[in-house]
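This report describes a helix, a sheet and a pocket in turn.

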Amino acid sequence: MTRPRDGGAMTPPAKYRALLAAVVAAIVAVSAAIFVGVSSDEGTEGRGGLAGRGGQNNPAAPASTGTWVGSWATSPVRGEPGTEMRGLAGRSVRNVVHTSVGGSSARVTLSNLYGQSPLTISHASIAVAAGPGTAAALAGTMRQLTFTGRPSVVIPAGSQVVSDAVRLTVPHDGDVLITTYSPTASGPVTQHPHARQVSYTAVGEHTRDTTGTPYTERFTSWRYVTALDVLSKESDGTVVVLGDSLTDGISAAMGRNTRWPDILSDRLHAAVAAGQDVPRYSVVNEGISGNRVLGDGLGRPPENPSGLNRFGRDVLDRPGVKVVVVVLGINDILRTPGTADPASVVAGLRSLVDRAHARGLKVVGATLMPFGGHHGYTDAREQVRRQINAEIRAGRVFDAVADFDRAVRDPYDPRKLRREYDCGDHLHLSDRGYARMAESFDLGLLKGGGSAAL
């Protein structure tokens, strides 16, 4: 500030300038506090308040370098049949999940959405798998998971928790073991049934076991775990694919990660490594077999919740989400008694886009692929599919379009899939078909953002 040369009092203009500077500094400080509070709320929205995110209360918290992104995720679908009374009390559940990007730290989301009583997790761990198709951990990678600094957590029925962040070098395109142990009966186990991945259980508490020897039982769903986030320097954000069985990969080869989002992730990673002008994003798969845009399944909470119902949880709550890819609509046609109303399906898709735009997210939408020869096919349903596709191609629904219909249809009979892309039921795809979907996806569609709400 300017002072008189004799060291006396400031001139009146200088006083005003000093006062103005003080006011501006106060406004900036208050604004920063508000911003931090809002950011904190948005970062934990929909995840429950029982688990920490790392920080001052977590001695294992990582240094704050990189970006939190989703490396793997799945949607909870239902309570597991046969677990209604005891859940999986007295068993260690070792889920195998496949990463999209690597990172220097990790945190895990556990769900008791379909439980009817509190779920006690007394022990939990995370480790890098020693290789594909094994319950054994890579040497030196086993880590205990904690929740606000404690090794155990109680998850209320209908809720989920996020573990504290733990330092762990998570590889890109690798398998990670997430293990939980519950000592008490908890009722239905929240699961994603069509994992296309072998995971493991063991009798007793073996969460820190590295050999894999106690894990003699196998299962092909994902239990309790719904997300693996990583603190990454190789990714700037997350692409969330919201879809049905064609995204879930119900007909993909078991344990080979050949769902089309898996292959899209590999393509994106390779393009970045080659220096191409594409975003550095992870890809997570939020597909549910049988999923619709408009209709929920039965129960409370509903099994197989609609795209509209789960959009907040499965898309907006993902860390670092930048782009949404929507591959929904075919089940609205197939599962509607009589003939579905194309205008209603399109309106539902537009509603998803509006909600994404309110958060500044870009939305890429896919055309609906053919199903001629499937037991649910009728000429009237084919006409509905074509009407919906016409609206999508005309640019009246999404920010950008992935034309999967054109990529996989039979050029001589566009009502059907090409034979080599058909798994045999004339609706779902073979591994070659899933690869064709991913290869036809223009990576440039992921560039740019959506419209932000004012």
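Helices (H or I, at least four residues) and strands (E, at least two) are DSSP runs, numbered from the N terminus. This is a predicted model, in which local features need pLDDT of at least 70, side-chain atom pairs count only at pLDDT 80 or more, and totals for chains, interfaces and linings use all residues. Residues are numbered from 1 along each chain as its sequence is written, and side-chain values use heavy atoms, leaving out hydrogens and water.

Just after helix α3, G275 has a positive phi of about 80°. Helix α3 covers residues 260-273. Its buried residues (under 20% relative accessible area, 1.4 Å probe, protein chains only) include W260, P261, I263 and L268. The buried residues of α3 pack against several elements (contact means heavy atoms within 4.5 Å), among them those in the table.

| Element | Residues |
|---|---|
| β17 | 237-243 |
| α2 | 245-248 |
| β18 | 281-287 |
| α9 | 431-440 |

An open sheet has three strands in the order β2-β12-β15, with antiparallel pairing; two strands pair if DSSP finds at least two bridges between them. The edge strands, β2 (78-79) and β15 (222-223), each pair on one side only. Strand β12 (residues 190-192) is joined to β15 over two bridges, and Q191 stands opposite R223 in β15.

A pocket is an open set of points on a 1 Å grid over the protein atoms alone, where a 1.4 Å probe fits, with protein on both sides within 12 Å along at least five of seven lines; lining residues have an atom within 4 Å of a point. The second largest pocket is lined by 13 residues, and G79, Y114, Q116, P188 and R300 are the closest to its centre.

Terms used
The expected span of a helix is 1.5 Å times one less than its number of residues. Buried means under 20% relative accessible area, exposed over 50%, partly exposed in between (1.4 Å probe, protein chains only).
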